[in-house]
Amino acid sequence: MLDFLKQAYMPDMNFPIRTINVDTCSRCGRCYESCPSGGFTWTKGEIPTPVGFGGFKEACINCHNCIAVCPTGAMGVTGNFSIPKGRYKSFLTRTVAPPNPFGAKETPEYSDIEKDLTEVERLIYSRRSNRLFKKEAPTRDVINRILEAGRFAPSAGNCQPYHFMVITDQAVIRELETRSMTVLRLIKNVYLSKNGKRKLWKNIFVSVSSYLMVNKFDPRPITAMEKADRNKGEIYFNAPVVILILKNKHGISNPDLDAGICVQNMVLAAHSLGLGSCIVSLPMVPLSYPIMAGFRKKIGIKYPFEAVTSVALGFPKGKIDGIVARDTPPTTWIE
Ligand SMILES: Cc1cc2nc3c(=O)[nH]c(=O)nc-3n(C[C@H](O)[C@H](O)[C@H](O)COP(=O)(O)O)c2cc1C
């Protein structure tokens, strides 16, 4: 019983192992900057070190972004992230593999299959979440092209239950970050342990919350909250543009799903235009709370609209997009 409860508030977690080839590492720190989980420490001019913190043996969600951004191929990641039991038990099949759309028996080299892929497949496989941005903003025309790609997404009953908000005013982005961070900081401070120990009331709080709000208390985003807090609350990575995707709560069937499909159209369009993007949902829970009612009013979020997610957008700093390996979900063929 005790173990059952423990798996709810701090599950056993298996982590991938990250390695850095010290001979080829350029010491640029891009893996440190780009890791969504704050999973490296780094001093300028030195080789980064993979780390964990606050109950996470490694702070790694196996996104392989560190591999995608590494200019010299020095990064390596083996194994995957999994939770063997309890509330957050992972059902991935524990095979992490590069794209294999033609079902080859031996995992193919991407360069061998690339020529046989459609333009759209190439876009899908090579898009990565971009967390390193140049300061200059894309033009309004280019941003419009991305919004148009979102507008032409399929939606239930063609109801198009969205409202797009394009924010280029850095002060407003900063305010959204700062206000969200006050809530996120509370959550992650309750969740993370100090010196491997967490107070009993925190364990009870996290345990109960993980039952009431299972999607909100998965351990992985907690590492992203910690990273944002360490980075002066920079949830949007200093991106010059943030697009909020709001749903009309009265939309047909499942407007969250429509918004998700819409945002994926946007990030693929951005990638095809040479822009970098990252879907960012961390501020969405705080944004829906009463504590942010004033901010919602200020930027014009009104009932029946509610923010579902957002996209950080801009020109990528260096090469970020690229092919990585990915976990394999269970797949059932019923024939
Ligand atoms: C709904 C959603 C919310 C996300 N929220 C965040 C976020 O708040 N911060 C962040 O750094 N990345 C966020 N991501 C990006 C994921 O971490 C990323 O997609 C995942 O690690 C896989 O990496 P890839 O996009 O490079 O393939 C989000 C992605 C999705 C789909």
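User: Two strands pair if DSSP finds at least two bridges between them. Which strands form the open sheet, and in what order?

Analyst: The order is E6-E7-E9-E8, four strands with antiparallel pairing. E6 and E8 (276–280) are the edge strands, each pairing on one side only. From one strand to the next the twist averages 25°. Strands (E, at least two residues) and helices (H or I, at least four) are DSSP runs, numbered from the N terminus.

User: What kind of model is it?

Analyst: It is a predicted model, in which local features need pLDDT of at least 70 and side-chain atom pairs count only at pLDDT 80 or more, while totals for chains, interfaces and linings use all residues. Residues are numbered from 1 along each chain as its sequence is written, and side-chain values use heavy atoms, with hydrogens and water left out.

User: How many bridges join E7 to E9?

Analyst: Eight, and the two strands run antiparallel. E9 covers residues 305–314, and its Ser 310 stands opposite Leu 244. E6 (residues 162–167) also pairs with E7, in the antiparallel sense over six bridges.

User: Why is E7 described as largely enclosed?

Analyst: Seven of its eight residues (241–248) are buried, so the rest of the structure largely encloses E7. Buried means under 20% relative accessible area with a 1.4 Å probe, protein chains only; exposed is over 50% and partly exposed in between.

User: Which strands does H10 lie across?

Analyst: H10 (residues 255–272) lies across E6, E7, E8 and E9, at about 155° to E7. H6 (residues 140–151) lies across E6, E7 and E9 and runs at about 165° to E6. Axes are lines fitted to C-alpha atoms, for helices over the stretch in contact (heavy atoms within 4.5 Å). Angles run from 0 to 180 degrees between N-to-C directions.

User: Switching to H9. What span does it reach?

Analyst: From first C-alpha to last, H9 (residues 219–230, 12 residues) reaches 18 Å, close to the expected 16 Å. The expected span is 1.5 Å times one less than the number of residues.

User: What covers its buried residues?

Analyst: The cover includes H2 (30–34) and H7 (170–191). Among the buried residues of H9 are Ile 222, Met 225 and Lys 227.

User: And what happens at the start of H9?

Analyst: A side-chain oxygen of Asp 218 comes within 2.9 Å of the backbone nitrogen of Arg 220. After H9 comes Lys 232, with a positive phi near 50°.

How values were computed:
A polar contact is a pair of N or O atoms within 3.5 Å; within protein, one must be able to donate a hydrogen and the other to accept it, and residues adjacent in sequence count only if both atoms are side-chain atoms.
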